[in-house]
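Q: I have a new model open and would like to learn how to read its features. Could we take them one at a time?

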Amino acid sequence: MRRATFLGGLIACLVVSAMLAPAIVEAQTGGEIQGRITSDDNNEGLPGVTVTLTNQQTGIAATMVTNDLGIYKAKALKTGTYTVAASLEGMQTVQAENVVLGLGQVLDINFAMGVETVTEAITVTSESPLIEVSRSSTAAYVGEQEIAALPILGRDFTDFAYLTPTVQADTSRGFITMSGQRGIYSGLNVDGVDNKSAFFGYGSGGEATENDGLIISMDSVKEFQVVTSGFLPEYGNNSGGYVNVVTQSGTNQLKGGAFFFYRDDSLAEDLERSPLDKADGRTDPIKVDEFERTTLGASIGGPIKKDRTHFFFSFDQVSRDEPSADTLDTKGAYDAILARGFDSLVAGYVPNDDGIAAPDPVNGRTATLRFTREVDNLILFGKVDHQFNQSNSGTFRVNLTDYERLSGYRDEESQKVEDTLSLVGQVVSVIGSNKVNEFRAQRATDNLDRLSLRVGEPIEAQIRFRNRDGSGSDEIGKFDFLPIFVEEEKTQIQNNFSYLFGEHDLKFGLDYQSDDLAQLFAGSLDGRYDFNTIEDFLNDNASNARIWFGDTTFPNYDEKQVITSLYAQDTWRPKDDLTLSYGFRYSETDNPDGLSHVFAPAQEIPDDEHIAPRFGFTYTPGDGGKDVIRGGFGVFYGRTPSLIFASQVQQPGIFPFLGRINVQPGDIGFVPLGTSIDNENPPLGAPNSPAFVDPSFRDAKTTRFNLGYERQIMPDWAAGVDIVYAEGDNLQSNVELNRSVSFDAFGRPVYSPDRPNPDFNEIFTRQSIGESEYQAVTLKINKRFSGRTMFQAHYTWAEDMDTDSNERTATDVTVSSAVPDPFGTPIPTLVSVDPRYDWGKSDRNVENRLVLSGLVELPYKFRVSGIVEYRSGRPFNLTDASADFANCGFTSLGFNCRDARPVINGAVVARNTGENESVSRVDLRVSKAFGFGSRYEVEVFAEVFNLLDEQSFELDTGFGGDNQRDPSNSEFGLADVRLNDIGQRQFQLGARFRF
């Protein structure tokens, strides 16, 4: 009912807007064509010239009239191929044909008109300008040719963004990061509206995407633009950059097709052993388990009424059947679990022939479980574009996804279900000859269930075996954060108004986003128990237990976040060779208040407001328009994912809502392993673990400078250099306040198990104290598609430094230098012996990166395309394994602290000093097309990923990897974590039918 009500209101808004406003174009969903019409006699601007821009695919035309200076600007045109014609009574009509306009591009098409001597129009150019002389931002484009031709293993369209400079995946969650900023601060706009989850911080439906699911079919994406620096004030709520996507639309010609992709274990090489395995004498390759993955889909688009109404529809279906394995590595754990009668925990595990059948911590057996994950991902997409009359048109689209994953491994998210629905409508209107209004509205829902198959079993707790010497770690039982239920509802309304006069293009806008967020989270609902040794496990002597006391009903977090933004900007062209853009964006974030909390200042989540100024320029030396210098300065703010706010509501520290507490045998609140926990009725006197967002918390801020030069070196070739410098402030960091801290002789923080405030257990807070610095230089060259080839390449040198690389982590301490205020105020403020103690290379730091991509069309309809990437290894943090748990407070602090860094030559080693091995990959596609008649074509192709089978590994940054990161250990530097994006060599077969 709520969806139907909104849909009716949305349609009403579209109709009313269309009746009131007399023209239509699309800004963030299209591009701009502008120029100056002059007389070839005196080069003076010609006023009153009629400029007609006709989309060759849809037949829809936009008509502009030059102003007193001879300037015209057609804003927010649909992407596509245009004919641009200029006419004036008594003057010769001139035109440019085959002007290809990409998403977000600003093309300058200038004409010089002479006195009419013949009646036929003169075609002065037949191709688009190669250099954008009016764009001040640092941007890259991925067009239809790349999307259709290049090999992408998972068919996730956002993977194309990684082909562009300063863009990569973060190390923890795989988000797109840009210009050295955290991935949660990267923007993703689809058809002009925000496509990110306000709760999790990644793209809508991202939990499915994290597990190889898709939200928008690649066949529904027409093209996209990646802007990493210098974006205008109309783009906000992201400090890293943004990906701007436009989806497919129908044309005057009925077109469609179907596709099929197939991959299984017979098309994959065996897995190479890691360097750590090889050092341990295990050199035999790991045979790939049986798996099968199929992807199929179809699309169709065309006219409902020629030159007026067009439609596009697609569906995409992914089915995956993928066996895998899990190993219980702790010696003797398998038999110890059986000895305690917890048979259900190891049901399906088969003991390995590597020890005795007894719970012996030295000689006992390990065990292996083989299981299968089944994934089904359905995407439906529909879109209608309608030209109401010569001046008015609108667009409405719907996108629905249904993702399901079922896993036989009960100790993961063995049941994951996510469905999303997005409804988007827009009307963009030109009023007279110099005003443009753009209106958009979105209603989106994202529902997620993360479940476990262990629910209802005799034992559901999570058991962790941790070795003090750092030699290993193991866990079995239900993930302690399950189950999780999340429902998101987003309402977004945008309106942009542009006014053109003289050399100025003014734009004013409003962006309103309201996100309703409901969640159930009860971490360690069934308990998480840590044991130092097998003997401790057999004797039920847990070193630490983590137990949830509080609300366990859905939702235990149900709040709304509203962001309202206003912006104003001007693009001014005082000279033909100089363009200036400037403006500001004002945003106000309204977070929940009126909360119940043990600390009075934490009874509301701090609101935020900020003003972000922007400035950019382009200068075109010479008369040919083949060189451009562009640059800019700006302040950018990132949206804070409201996930980090949830614990303030769920763990208010008011009895009985005590949150996740850490206790040991004998403590009040301790429940032995295997005993039922009454989560909503804790015993009086049980420890209290409140969480909150510091009242001084602010959204992340980035101050960025960019400067670049680009030159057309041949008719279809351009080369350039870009420089970016960015400073980040107010970055989220997690701090645990209620701990006793001292410092060793080298300044390393040492934590004891004592609590300064005995009335509380953990006091967990979110601070905005992180800092970062990023600088990069990119050399690039590209050849646009012409003839039979397309090519682009870029090399980037970068240095990415910060104090905290936290990528939305909500539960772990992420800084080590902050310590509690010794005065013991009700909410301790932070002081630090050395605020820069954690300063070092960011987890994202990649010093050198080279990417090449391109395609070649060969005779007989053969086509070869490929991607080559080389990058330096990412850093890792050196540790002192002997000091790790002493500094952490091994027992009651529950391992929640940073690793201790080693001391070499009398000084503490800087954070992230180590560097993993460099990695490279070559992906290739070969295809052959067969034509049938004049309209039908079948293309068959074979793709190979990681052609050279250069499998890559990094060091484990968890507890199990302490030895490999300890310079004093013989295993130092031996990587054992396989990089997912550089897997073993795999082949994929496919076919596509087009008409």
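## Reading the surface and the salt bridges

Q: What is the relative accessible area of D593, and how do I read that value?

A: D593 has a relative accessible area of 48%, so D593 is partly exposed. The class lies between buried (under 20%) and exposed (over 50%), with a 1.4 Å probe and protein chains only. Please keep in mind that this is a predicted model, where local features need pLDDT of at least 70, side-chain atom pairs count only at pLDDT 80 or more, and totals for chains, interfaces and linings use all residues. Residues are numbered from 1 along each chain as its sequence is written, and side-chain values use heavy atoms, leaving out hydrogens and water.

Q: Which residues gather with D593 in a patch of negative charge?

A: The surface patch brings D593 together with E588, D590, E604, D607 and E609. Patch residues have over 30% relative accessible area (Shrake-Rupley, 1.4 Å probe) and no salt bridge, with like charges joined within 9 Å. Asp and Glu count as negative, placed at CG of Asp or CD of Glu.

Q: Which residues make up the nonpolar surface patch?

A: V856, L858, Y860, F862 and V926 make a patch of about 470 Å²; nonpolar side chains are joined within 5 Å. Y860 sits in the loop between β46 and β47 (862–871), and its 70% relative accessibility means that Y860 counts as exposed.

Q: How many salt bridges are found in the whole structure?

A: The search finds 62. The general idea is that side chains of opposite charge can pair when their charged atoms come close. The criterion is a Lys or Arg side-chain nitrogen within 4 Å of an Asp or Glu carboxyl oxygen.

Q: What does the pair of R282 and D277 look like?

A: Their side chains meet in a salt bridge at 2.9 Å, N to O. R282 is partly exposed at 40% relative accessible area, whereas D277, at 14%, counts as buried. Both belong to a network of salt bridges that also links R273, D280 and D284.

Q: Why does the pair of R844 and D800 tie together separate parts?

A: Start with the contact: the two side chains form a salt bridge (3.5 Å, N to O). R844 lies in the loop between β45 (840–841) and β46 (848–858), while D800 is in strand β42 (residues 789–802), so the pair joins parts that are 44 residues apart in sequence. R844 is buried at 5% relative accessible area, and D800 is buried at 2%.

Q: Which strands hold R925 and E943?

A: The side chains of R925 and E943 meet at 2.7 Å, N to O, in a salt bridge. R925 is in β52 (residues 919–932) and E943 in β53 (residues 936–945), so this pair links distant parts of the chain, 18 residues apart. Both R925 and E943 are buried.

Q: What does the side chain of R901 reach?

A: It reaches the backbone oxygen of V909 at 2.7 Å. R901 is in the loop between α8 (881–888) and β49 (903–904), and R901 is buried, with 5% relative accessible area.

Technical notes. Helix = DSSP H or I, 4+ residues; strand = E, 2+ residues; numbered from the N terminus. Polar contact = N/O pair within 3.5 Å; in protein donor to acceptor, adjacent residues only side chain to side chain.
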